[in-house]
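Let us walk through this structure step by step. We begin with a single residue and widen the view from there.

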Amino acid sequence: MNLETKWLEDFVALANTRSFSASARQRHVTQPAFSRRIRALEQAVGATLVDRSTTPVDLTSEGQLFLVTARNLVEQLNESLGHLRGLAIANEALDIVAAHSLALSFFPPWISRLQQGIGELPTRLVAMNVGEAIHVLREGKCDLMLAYYDPYASMQLDSELFPSFSIGQVKMLPVSLPDDEGKARFPLEGSESIPYLAYTQGAFLGSSVRMLLKNDALRLRLRTVYETAMAEGLKGMVMQGMGMAWIPDFCIREELKSGRLVRAGGEEWDVPLEIRLYRCSMVHKPGVEKLWRQMQKLPRDFLQA
């Protein structure tokens, strides 16, 4: 197989812009020349990588798979050249994507604890919803993903292609503002309608709550008054007394401890969740490989938040 590096760089550019003309400008060549180079890449690979029938153009299933390899090869080559030029790639920051609530409340104490075991770890963190994070990881646009794991959720990742570490066991708790007696203002027990602060339909945490309520009559008493994809957004509304919601326990520890929030129901209403750190096995960035080896040697105390 005779592959030119510039073809791989062209393909990565096209995957980013989804436009032949925009990619050609970015690569400083004419559009006909750029198109010929993409054709040459497809001939060398032996597969159609780009679906030219759509606007903007899209990648075929073979193209999506090859994109991870192309990005990996381009990145490895650039890192190797940088190393030869004396660049300190060992200190390059790792790009991590995380669910919003994990980025805000879970990541800071966890990364601080991890660094006690492995030393300084430069990172760049971007918060997004779980669905977007999975897409970014699949396309090789990040090094690591911090996300919730629920065995009953619809969005699952192949464990061989996307190996992971379990780094936390958490629960979502039903919570409410307290009344004058310190009890939940909006308790789950009883027969009255409850103002419900819910996760939006596509939110990962929402699917876990819906599984809990699927066959329970309680769902008929929940009157949805607000929806958002972010746990921190629901927490803010609970703190304003707008209703009750299921919130990850690490987001509300201080509020529960001080009594500013109270449980709206017993432990039977808790939703257990696992937090995992994922990588793509097809991406071989030195910093990620080093971190993964170090984490395998650490005691569980350093991995678990």
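Start with D10. In this predicted model, D10 has a relative accessibility of 0%, so it counts as buried. The cut-off for that label is under 20% relative accessible area. D10 sits in helix 1. Leaving aside residues up to four places away in sequence, D10 touches R27, F34, R37 and I38.

Helix 1 covers residues 5–17, and helix 3 covers residues 31–45.

Helix 5 spans residues 100–118, and helix 10 spans residues 286–297. Their axes come within 10 Å and cross at roughly 80°. That angle falls between 65 and 115 degrees, so helix 5 and helix 10 are roughly perpendicular to each other. On the helix 5 side, the contact is made by W110, L114 and I118. On the helix 10 side, L291, Q294 and M295 take part. The contact of helix 5 with helix 10 has five nonpolar residues, one polar residue and no charged ones.

Now turn to E75, in helix 4, which runs over residues 61–84. Is E75 buried or exposed, or in between? Its relative accessible area is 27%, so E75 is partly exposed. Not counting residues up to four places away in sequence, E75 touches V283 and K285. E75 and F107 are 32 residues apart in sequence, and their C-alpha atoms are 26 Å apart in space.

Y196 takes us to a strand. Y196 belongs to strand 7, residues 194–199. With a relative accessible area of 10%, Y196 is buried. Which residues does Y196 touch, beyond those up to four places away in sequence? They are V209, L213, L222, R223, T224, V225, Y226, M244 and W246. Y196 and P108 are 88 residues apart along the chain, and 30 Å separates their C-alpha atoms.

Next, the whole chain. It contains 11 helices and 11 strands. Of its 305 residues, 46% are buried. Among contacts with a separation of 6 or more, 75% join residues 24 or more positions apart. Along the principal axes, the C-alpha atoms fill a box of roughly 75 × 45 × 30 Å. The accessible surface comes to about 15600 Å², and carbon and sulfur atoms account for 51% of it.

Finally, consider confidence. The mean pLDDT of the chain is 87, and 92% of its residues reach 70 or more. Among the elements, strand 10 (residues 262–263) has the highest mean pLDDT, 97. Helix 11 (residues 300–303) has the lowest, 57. Over residues 85–89, the pLDDT is below 50. Beyond near neighbours in sequence, that stretch has four contacts in the model.

How values were computed
Residues numbered from 1 in each chain as written. Predicted model: local features only at pLDDT ≥ 70, side-chain atom pairs only at ≥ 80, totals over all residues. Heavy atoms only, no water. Axes fitted to C-alpha atoms, helices over the stretch in contact; angles between N-to-C directions. Helix = DSSP H or I, 4+ residues; strand = E, 2+ residues; numbered from the N terminus. pLDDT = per-residue confidence, 0-100. Contact = heavy atoms within 4.5 Å. Buried < 20%, exposed > 50% of the residue type's maximum accessible area, 1.4 Å probe, protein only. Areas by Shrake-Rupley, 256 points an atom, 1.4 Å probe, with all protein chains shown as cover. Parallel < 35°, antiparallel > 145°, perpendicular 65-115°, else oblique. Nonpolar A, V, L, I, M, F, W, Y, C, P; charged D, E, K, R; others polar.
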